[in-house]
Amino acid sequence: MNGSAASSRSASAILTLPRRLAAFRTEGFPLIPIAILMTVMLVALFANVLAPHNPEVGVLGDRFRPPAWQANGTIDHLLGTDHLGRDVLSRLIFGARISVIVGLTVVIVAGFIGTLLGIMSGYLGRWVDQVIMRITDAWLALPGVTFAIFLAAILGPSVSNIIIILAAVYWTRYARVVRAEVLSVRERDFVRLAVVAGCSKGTIMRRHILPNVVNSAIVLATLQLGQAIIAEATLSFLGVGVPPPMPAWGLMLADGKKGMMAGYWWLTVLPGSCIMLMVLSANLLGDWLRVKFDPQLRQL
Amino acid sequence: MKKYIVKRLGLALISLLLLSITIFLLMRITGDPAVLLAEPGASAADLDAIRQQFGLDRPLWTQYVSFLTHLLRGDFGQSFYYRTDVFELYLSRLPASLLLASAAMAFSLLVGIPTGIIAAVRVNQWWDSGGKIFALLGLSMPSFWVGLLMILFFSVYLGWLPSSGSGTVFHLVMPAISLGWLFAAVHMRLTRSSMLDVLGSEYVKLARLKGLPEALVISKHAFKNALIPVLTLAGINLVIMVNVAVVVETVFAWPGVGRLLYEGIAFRDFPVVQATVLLGGVMIVVVNLLVDILYAVIDPRIRYEG
Amino acid sequence: MSGPLLDVRHLSTHYVSARGTRVTRAVDDVSLVLDVGGTLGIVGESGSGKTTLALTLLRLLPPAARIVSGEIFFEGADLMKKSDGEIRRIRGKRIAMILQDPMMSLNPLFTVGDQVAEPIRVHEGASRGSAWNRATELLKSVRIAAPETRVREYPHQLSGGMRQRIVGAIAISCEPRILIADEPTTSLDLTIQAQYLKLLRDLQRDHNLALIFITHNLGIVAKMCDQVAVMYAGRLVEAGPVRQIYNAPAHPYTQALLESIPRVGDNRKRLTAIDGQPPDPAAPPPGCAFHPRCPKVMDRCRSEAPPEFRVADAQTSRCWLSDPTTR
């Protein structure tokens, strides 16, 4: 078969995976971060089952009820209620869904675009490389946060717009990292063999280069997951992200300001803690993956 | 050297061009620009007037050229809300932003540099782990949440610090810390790695071979050298701080350009939004350019590469 | 004072990995002697432990290294028994060292005078002014033109040759008894290399220094040294007077080295003429570490490490061929 020897060589990069997986058990395995991330995902998935109340509808008579263990709290609203009498626990549970969806989709879309452009830039070289890298450089020079806010202000608040905006801001890193990887991979034997065997450029990029750069992209995606979640929360907090009355954590913090001066701490502390816990877990996992998979990425 | 600077200058221009084109196109493509540019609640006649004024009926590229020439003349339009020239408005808000950014920078360096050095000198000990945790927390807590927590604790419970506004040093403390928090973590990481680099250098080895006390080796021979990349980055970060201060300025009602952007969005004052983003972009592109040139002057290796 | 200036006995330095699972015997049971004003060449491939040996003498090792055994008698006193403060007062004052890359050993942010005066100020408590005067004189003594202006300049303003001379000036600033020069010629081109060797020789003569010369270049050793010690995988495989060893090398490794002598000025980092690779210092072969590459290998070499045999007056060899009982 055309280029079968070549493809079996590149497959060996994947075959080494079990050995790498064995390394998972050794040192500093981030068990707690993974457990937290898994929990958040499960909560997001089963939000309808887990949430005791409708997150978007409240009873005005129950406004600013404190968590159950404080005076005036009720078991019915375990973590209290907000300024519209909505159940904080239910909002946090549904908020996990928004954070997970936005965070994952952003890193996947950005990772896809960036990896695609990075592979093309690195493998095709010449003017393709020049054009893509000049655009990447120029894009990197733009102020990310401000630019995202601007885009959000124009496009208007919605979950899908947030995803588009953040993906548009975050793809550049992948392009840079993947391109650098491709430059070294393309000189390896199995790629040369595939070229000699007459594989088309598309086939080589898809079957021989992609499997070898995908690790780096995954590490980067994990590291950026936290950044994407913070960015979403920031946009939502400013009122240009997830539109009310949806229960995004950033939006809850914005609402929480209304009760802050009266000392209604739970509206500020709880959503922020959720963000921090999730971002911290993603960062710890990403750091660990980076050291395990990709020592070259350490200085990122 | 000259070739390198010209190349960097070209890249910077492309960045600026890309920024202006993106902003221009986004405004034209996403709906009726006249609606964006008009005051909220403008009549049909007003909209027509705006279409005339901006030549929205003409071809796209002529529109872009006139858009660009206006910008180059410093004409960013009029604010609907403040009824003044947007560029002047921006300049009037800039000092407050710079004050906040400087205070935040001072905080981040005062925290980041000592902790970074301690972490580097006592590698893999308790201090280093402590430093890592601090850096991770810095990267994992949204700055506005840090601000909200501080308001809750220092303003609401303890009543020590004002929760918003400006004017006194006390007003500056919490915004500066919440803005500087993330950067303290960043500067700590960089100080640590830069210090580790320097500690492995030949001249530090020689300093030890000379029989200098370890305290002198670190405070004299390592410290100054390790600080150079940190301070360079701090220069860039000062500009970045001005531009990412939007949330913090919003939380503390600090009257800087970030707050201006937020108001622009809240009041649908589109010329203000557009100008803030454009000028912020210009600032960042220019600073990146200056840093690249500065590096080329310092480090001869870059010159030959160009 | 009677007795040798430096007498090293059974010195071993090991590197221990972070988790303590891997031990690298960088220096293994090394004994050597250096007389007042003498010149000792330590020869070996990269990774043979030469630099670690030098740093062990100064007790200036990276955190992962441990001096596990041995004694270092310097002027009659064991350096291993000295406190950190005492050893620090010996470094740079009694025993000085020049690093592999003299071009990179000057701190770019301080003036030449400051860096030359530093050891004088630290070790002798000299005032800033008098230390600077001494620095100027030192620059003159290493033949730097216009020393009064050079002291105020920064390293990047000087040529490579001048920087080396300045590193030399720093080394002799406190009139040390021993100067260790670690591969001082690897990074230099031919002319500068010759100049530098001459400088070291002049310094030695003018200041009655004992010189320890670490190199991979046997040709340089022949020119510079009166004693030579050959290192392989952390051990001294052969040691003795230069002339004796060059005329009658006892160890097959020394023999191979001599056959492949690069001429002075040859900048090859490794001696490529010997077949095979130097051993991984973390996992040396059993028995004699040289046996996989040795042309005269015997069965015994594969399992048993040879002890030090005395082959002639003042010449020792770690090779079973030198075993007097079998010869």
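Biologist: Which strand of chain C do three bridges join to β11(C), and how do the two run?

Modeller: Keep in mind that this is a predicted model. One pair of facing residues is Arg310(C) and Thr316(C), the latter sitting in β12(C). The two strands run antiparallel, and the partner joined to β11(C) by three bridges is β12, residues 315-317 of chain C.

Biologist: What is the strand order of the open sheet of eight strands in chain C?

Modeller: Start from the edges: β6 (95-98) and β11 (309-312) of chain C each pair on one side only. From one strand to the next the twist averages 20°. The pairing is mixed, and the order reads β6-β7-β8-β3-β9-β10-β12-β11.

Biologist: What angle does helix α1 of chain C make with β8(C)?

Modeller: Helix α1 covers residues 50-57 of chain C and packs on that sheet. The strands it touches are β3 (39-43), β6, β7 (178-182), β8 (210-215) and β9 (227-232) of chain C. Taking the direction of the helix against that of β8(C), you get about 150°.

Biologist: How many bridges pair β1 with β2(C)?

Modeller: Strand β1 spans residues 6-16 of chain C and pairs with β2(C) in the antiparallel sense. As an example of who faces whom, Leu11(C) stands opposite Val30(C) in β2(C). The number of bridges between the two strands is eight.

Biologist: Moving to the interfaces, which three residues of chain C lose the most area to chain B?

Modeller: Here 23 residues of chain C are in contact with 16 residues of chain B. The buried area is about 1,900 Å², and carbon and sulfur atoms give 65% of it. Together, the three residues make up 29% of what the chain C side buries: Leu99(C), Leu109(C) and Glu118(C).

Biologist: Which residue of chain B meets Glu118(C) in a salt bridge?

Modeller: The rule finds three salt bridges across the interface of chain C and chain B. In the one with Glu118(C), N and O are 2.9 Å apart, and the partner is Lys220(B).

Biologist: Which element gives the largest share of the chain C side that touches chain B?

Modeller: There are ten residue pairs in polar contact between these chains. By class, the chain C side has twelve nonpolar, six polar and five charged residues. The largest share, six residues, comes from helix α3 (residues 112-124) of chain C.

Biologist: How much area is buried between chain A and chain B?

Modeller: In this interface, 42 residues of chain A are in contact with 45 residues of chain B. On the chain A side, Phe150(A), Ile154(A) and Leu238(A) lose the most, together 15% of what that side buries. Carbon and sulfur atoms give 81% of the total, which is about 3,800 Å².

Biologist: Which element of chain A gives the most residues to the side that touches chain B?

Modeller: By class, that side has 29 nonpolar, eight polar and five charged residues. Elements giving two or more residues include α6 (126-141), α7 (144-155) and α12 (266-293) of chain A. With twelve residues, the one that gives the most is α12(A).

How values were computed:
Residues are numbered from 1 along each chain as its sequence is written. Chains are lettered from A and ligands numbered from 1 in the order in which they are written. This is a predicted model: local features need pLDDT of at least 70, side-chain atom pairs count only at pLDDT 80 or more; totals for chains, interfaces and linings use all residues. Side-chain values use heavy atoms; hydrogens and water are left out. Contact means heavy atoms within 4.5 Å. Buried area is the accessible area (1.4 Å probe) that two parts lose on being put together, summed over both. A salt bridge is a side-chain nitrogen of Lys or Arg within 4 Å of a carboxyl oxygen of Asp or Glu. A polar contact is a pair of N or O atoms within 3.5 Å; within protein, one must be able to donate a hydrogen and the other to accept it, and residues adjacent in sequence count only if both atoms are side-chain atoms. Helices (H or I, at least four residues) and strands (E, at least two) are DSSP runs, numbered from the N terminus. Ala, Val, Leu, Ile, Met, Phe, Trp, Tyr, Cys and Pro count as nonpolar, Asp, Glu, Lys and Arg as charged, and the others, Gly among them, as polar. Two strands pair if DSSP finds at least two bridges between them. Axes are lines fitted to C-alpha atoms, for helices over the stretch in contact, and angles run from 0 to 180 degrees between N-to-C directions.
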